[in-house]
Amino acid sequence: MKTNDVMLQTATKVVIFIILLFAVHIFFTGHYTPGGGFVGGLLTASAIVLLMLAFDLDTVKKILPLNYVAMVAVGLLIALGTAGASIVFDVPFFTHAYDYFDLPLFGKTSLHSAALFDLGVYLVVVGVTMTIIQTIGEDE
Amino acid sequence: MIIISISVGVIFSVVTALGLIRLPDVYTRTHAASKSATLGVLGILTGTFLHFLLIEDHFNPQLIIAIAFLFITSPVSGHLIGRAAYMSGTELAKETVRDDMKILRKKTEDPK
């Protein structure tokens with residue numbers, strides 16, 4: 001019998017935006033509320049897995065032509081660079097700096113260098129999860 | 001208001017559990033689970049949202065997003081579970097009167 005995935009695909013098209021927005025939100029609010037890089041990465045990976053369930057592996061590869069192994073490398077480099085930038089300022093390793101800036105759109109916001117470290121964690125988590133799932137899924 | 005919505009949610013969740021025990025068939029059970037469990041969880045979430053809004057003076061948009069999300073995804077999951085059960089050839093209950101998809105099922109069992 002021909003399978004008919006219209007309901008799953010239509011629901012996926014609506015729901016995936018909610019999941020991705022929630023992942024970005026939980027990534028940026030990790031400093032004051034529960035959340036952070038790890039949970040945001042897992043949520044993003046789950047959104048991509050939902051796309052893979054509703055459509056094909058090849059379709060998702062055509063939509064998101066990302067090299068996930070390179071993504072892990074970039075995430076590790078960002079995290080190490082954030083930790084290693086403390087050498088330049090003559091402070092102990094992994095010392096984070098924060099300051100208040102007047103951005104044109106947001107007004108007075110506090111920017112913290114731990115967010116960059118979190119971005120590295122986020123990229124590593126997404127890359128590792130998607131690499132595992134793709135290698136398992138492509139075994140035929 | 002808060003008490004009413006949370007009580008309705010809890011009552012519908014209890015009805016869901018009873019339906020899972022008492023109904024005879026996979027399809028009737030998925031019917032009970034997808035419908036009344038969704039309404040129960042939505043009632044509980046609206047109750048918590050109203051509680052935080054009226055008593056704690058704190059507007060929590062995540063609860064609204066969760067309500068919309070469950071309202072979209074839960075019926076789809078119920079439909080997919082029932083469909084997968086039908087495709088794998090689960091037997092229907094004894095009280096079944098009509099089975100309109102029987103023709104398709106016969107075609108899959110012995111294709112000509």
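Modeller: In this predicted model, the segment to begin with is residues 61-81 of chain B, a span that is 100% helix and 0% strand, with its end C-alpha atoms 30 Å apart. The UniProt record, an unreviewed entry, annotates residues 61-81 of chain B as "transmembrane region", and the same annotation covers residues 6-24 and 36-55. Residues 36-55 of chain B are 95% helix and 0% strand, and the end C-alpha atoms of that span lie 28 Å apart.

The side chain of B:S74 forms a polar contact of 2.8 Å with the side chain of B:T38. When neighbours within four places in sequence are left aside, the contacts of B:S74 are with B:S34 and B:T38.

Elsewhere in chain B, B:I3 lies in helix α1, which comprises residues 2-22. With a relative accessibility of 68%, B:I3 counts as exposed, because the cut-off for that class is over 50%. The C-alpha atom of B:I3 is 9.3 Å from that of B:H51, although 48 residues separate the two along the chain.

Of the 140 residues in chain A, 29% are buried. The accessible surface of chain A amounts to about 9,300 Å², and carbon and sulfur atoms account for 71% of that area. If one takes the contacts in chain A between residues at least 6 apart in sequence, 61% of them join residues at least 24 apart.

For chain A, the unreviewed UniProt entry gives "transmembrane region" at residues 12-32, 38-57, 69-94 and 114-133. Residues 12-32 of chain A are 81% helix and 0% strand, with the end C-alpha atoms 31 Å apart. Residues 114-133 of chain A are 100% helix and 0% strand, and their end C-alpha atoms are 29 Å apart.

One helix pair in chain A can be examined in detail. Helix α1 (residues 6-28) of chain A packs against helix α2 (residues 37-54) of chain A at an angle of about 170°, and the two axes are 9 Å apart. The helices α1(A) and α2(A) are therefore roughly antiparallel to each other. Among the residues that make this contact are A:V15, A:I16, A:I19, A:L20 and A:A23 of α1(A), together with A:G40, A:L43, A:T44, A:A47 and A:L51 of α2(A).

The side chain of A:T44 reaches the backbone oxygen of A:G40 at 2.8 Å. Not counting residues up to four places away in sequence, A:T44 touches A:L20, A:A23, A:Y122 and A:V126. Of these, A:L20 and A:A23 are also listed among the residues of α1(A) that make the contact with α2(A).

Technical notes: Residues are numbered from 1 along each chain as its sequence is written. Chains are lettered from A and ligands numbered from 1 in the order in which they are written. This is a predicted model: local features need pLDDT of at least 70, side-chain atom pairs count only at pLDDT 80 or more; totals for chains, interfaces and linings use all residues. Side-chain values use heavy atoms; hydrogens and water are left out. A polar contact is a pair of N or O atoms within 3.5 Å; within protein, one must be able to donate a hydrogen and the other to accept it, and residues adjacent in sequence count only if both atoms are side-chain atoms. Contact means heavy atoms within 4.5 Å. UniProt positions are given in the numbering used here, feature names are shortened, and annotations may be inferred rather than shown by experiment. Helices (H or I, at least four residues) and strands (E, at least two) are DSSP runs, numbered from the N terminus. Buried means under 20% relative accessible area, exposed over 50%, partly exposed in between (1.4 Å probe, protein chains only). Accessible areas come from the Shrake-Rupley method with a 1.4 Å probe; for residues, only the protein chains shown count as cover. Axes are lines fitted to C-alpha atoms, for helices over the stretch in contact, and angles run from 0 to 180 degrees between N-to-C directions. Angles under 35 degrees count as roughly parallel, over 145 as roughly antiparallel, 65 to 115 as roughly perpendicular and the rest as oblique.
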